[in-house]
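Please take a moment with the sequence and the model shown here before reading the explanation that follows.

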Amino acid sequence: MLGMGLANLIWANYGQLFLQMMASAYPGYHATRSIAEVIVGTLYGFVDGLIAGAVFAWLYNQFARPTA
């Protein structure tokens, strides 16, 4: 989200469809070209990645138990 948001600030139409798709999933985030929206999107992406990573790590630890 951070990379795409910053790229969209530099190049007007870059990643616009991706940002609009993320706006439909993240309440409070709007795919407008502003620093505030880049920060909001980055926070949403960070929290989303943190939760997904924790779930993946938990699942991995559940299924990858040692056999000894």
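Two residues are in contact when heavy atoms of theirs lie within 4.5 Å. In this model, which is predicted, residues 24 or more positions apart account for 29% of the contacts in the protein chain that have a separation of 6 or more.

For helix 3, which covers residues 35-63, length can be checked against expectation: at 1.5 Å a residue, its 29 residues should span 42 Å, and because the C-alpha atoms at its ends are 42 Å apart, the two values agree.

Helix 3 also contributes to the buried part of the model, where a residue counts as buried when its relative accessible area is under 20%. Among the residues of helix 3, E37, V38 and G41 are buried, and the cover over the buried residues of this helix includes helix 1, residues 2-10. Taken over the protein chain, buried residues make up 19% of the 68 residues.

As for the surface, the accessible area of the protein chain comes to about 5,100 Å², and 72% of it belongs to carbon and sulfur atoms.

Definitions and conventions. Residues numbered from 1 in each chain as written. Predicted model: local features only at pLDDT ≥ 70, side-chain atom pairs only at ≥ 80, totals over all residues. Heavy atoms only, no water. Helix = DSSP H or I, 4+ residues; strand = E, 2+ residues; numbered from the N terminus. Expected span 1.5 Å × (residues − 1). Buried < 20%, exposed > 50% of the residue type's maximum accessible area, 1.4 Å probe, protein only. Areas by Shrake-Rupley, 256 points an atom, 1.4 Å probe, with all protein chains shown as cover.
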